[in-house]
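Biologist: I'm new to this one. Can you put it on screen and walk me through it?

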Amino acid sequence: MGVFDAIRTGLSELLSHKMRSVLTMLGVIFGVAAVIAMVSIGEGAKQEALAQIRLMGIDVVHIKRAVTSGELADKAQERSPYGLRYSDCESIRDVCSYVRKVVPLREVFADVRVGETPVSVKVVGTTEGYDTLTHSKVEHGRFLNERDIRDRLPVCVLGAAAKRELFGFDDALGKTVKIGRELLRVIGVMEPKEIGSAKALSALRDLNSDVYIPITISLSDFQVSSQESIPSDYIKLRQIAWRLRNRPSLDKSPISEIIVQVQNEAATVPTASVIRSILNRQHRGIRDYEIIIPAELLRQSQQTQRIFNIVMAAIASISLLVGGIGIMNIMLATVTQRTREIGVRRCIGATRWDIIRQFMLEALVITCVGGLIGIALGIGGARAISIYANWSTVVSVQAVIMSFGVSAFIGIVFGLYPAARAAQVDPIEALRYS
């Protein structure tokens, strides 16, 4: 019997016992489907995390203002009352040799409106170069430049979502936006920035809702940050009034974040160590800041993803193993049922190798058909998860090939023992079997 004849015999055996064949293939079907679906979910999460980390920048270091509480807050008020300061930018720029660019940010609390009703957007004071570090592009107009910062020009740039909130579908360039008590002219609108269906990183925020103003204006004209609450009693109002009269100089003005661009990705960790030393000295040992290194987040994400893939593969392998055991049991039962057929074939000239090849190919047909059905279910399951659960999934060609290869391998391994048992059947005894 040739290879194709054995395959044809295996398919006819499957069709003649449909229910038994389906039950035999269930373990392989669910195992392959689970592998593809799980790998697709993991790959989708990996790609989304990578995309979000790239949005932060691989060659940058983020220093964010941290809110202190309890005993640490009392020490911070004594040793470092202003927290992260504008002067920290100059210190980092002067000391760190790997630094290419330093961009400060200050989020301020202010109502933003065009008409009477304020809209829900964020006001961020920054400098030129922020759009480059965040890989953002200007769709209309221009971004802030050095003259806007130096001369404290009353201008602003709108994120895509902020522009829609304020002006709808109208052209915003040249129009006026009221931020707090200040009137600022719109000089640019940013392109929409995709951040994924669900943010994988808490350090990443939606830039589309930002309104960018010169940081010199945010430091001098807006004194209450978004992290501070506005008290209502008389004593605290007097304290705020005293702060406004005795507000700190520009260098001591508090800021929300500093973005430091380094020469290359390899320099991010050494630069972060130098920055930590500088800030510890200037803040007198108070950790009122946190340092975020996107390159390190990328490595941690990849390591977590590898562990996730190993765990998921182990879980899916159990289904495949159970499926292989089921195939072996069914094939052993088939050998018993077809004992007379085996005896007839041996008597008309079939060798033991012919019998082994026949049963091996039948087992291979079962697992390959189950593997193909599992691949279809796995791809369909990944698509369904993407649509209904709103998770990003990526069907990997490598996962499909690997799953099908594993299913074929299971057919060979678990079909070998039943095939050997079939080949050991004595032809004379087999002919007597009824």
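Biologist: What is the handedness of the crossing where α13 passes α14?

Modeller: Right-handed. A crossing is left-handed if the near helix is turned anticlockwise from the far one by less than a right angle, and right-handed if clockwise. Before we go on, this is a predicted model: local features need pLDDT of at least 70, side-chain atom pairs count only at pLDDT 80 or more, and totals for chains, interfaces and linings use all residues. Residues are numbered from 1 along each chain as its sequence is written, and side-chain values use heavy atoms, with hydrogens and water left out.

Biologist: How are helices and strands picked out?

Modeller: They are DSSP runs, numbered from the N terminus: helices are H or I with at least four residues, strands are E with at least two.

Biologist: At what angle do α13 and α14 cross, and within what distance do their axes come?

Modeller: Helix α13 covers residues 352–388, and its axis comes within 7 Å of the α14 axis, crossing at roughly 150°. That makes α13 roughly antiparallel to α14. Angles under 35 degrees count as roughly parallel, over 145 as roughly antiparallel, 65 to 115 as roughly perpendicular and the rest as oblique. The axes are lines fitted to C-alpha atoms, for helices over the stretch in contact, and angles run from 0 to 180 degrees between N-to-C directions.

Biologist: Is α11 roughly parallel or roughly antiparallel to α14?

Modeller: The axes of α11 (residues 294–337) and α14 come within 9 Å and cross at roughly 30°. That makes α11 roughly parallel to α14. Their crossing is right-handed.

Biologist: And α2 against α14, what angle there?

Modeller: Roughly 160°, with the axes coming within 10 Å. So α2 is roughly antiparallel to α14. The crossing of α2 and α14 is right-handed. Helix α14 itself spans residues 397–423.

Biologist: How many residues does α2 have, and how far does it reach?

Modeller: It has 39 residues, 18–56, and reaches 55 Å from its first C-alpha to its last. That is close to the 57 Å expected at 1.5 Å a residue. The expected span is 1.5 Å times one less than the number of residues.

Biologist: Where is the kink in α2 centred?

Modeller: On M25, with a kink of about 40°. The bend at a residue is the angle between axes fitted to the seven residues ending there and the seven starting there.

Biologist: What comes just after α2?

Modeller: G57, which takes a positive phi of about 105°.

Biologist: Is I53 buried or exposed?

Modeller: I53 lies in α2. It is buried, with a relative accessible area of 0%. Buried means under 20% relative accessible area, exposed over 50%, partly exposed in between (1.4 Å probe, protein chains only). The C-alpha atoms of I53 and L298 are separated by 6.6 Å, though these residues are 245 apart along the chain.

Biologist: New topic. How many aromatic pairs are there?

Modeller: Three. Rings of Phe, Tyr and Trp (its six-membered ring) pair if their centres lie within 6.5 Å; planes under 30 degrees apart count as stacked, over 60 as edge-to-face and the rest as tilted. Take Y130 and Y212: their ring centres are 5.2 Å apart and their planes sit at 55°, so the pair is tilted. Y130 lies in helix α5 (residues 130–133) and Y212 in strand β9 (residues 210–214), so the pair ties together parts that are 82 residues apart in sequence.

Biologist: Are those two buried or exposed?

Modeller: Y130 is buried at 2% relative accessibility. Y212 is buried too, with a relative accessible area of 2%.

Biologist: Which residues form the aromatic cluster?

Modeller: Y130, F143 and Y212 form one cluster.

Biologist: Now the loops. What is the phi of H135?

Modeller: Positive, about 55°, although H135 is not a glycine. H135 sits in the loop between α5 and β5 (138–141). At 46% relative accessibility, H135 counts as partly exposed.

Biologist: And what about the phi of R152?

Modeller: R152 has a positive phi of about 50°, and it is not a glycine. Its loop runs between α6 (146–150) and β6 (155–158). R152 is partly exposed, at 36% relative accessible area.
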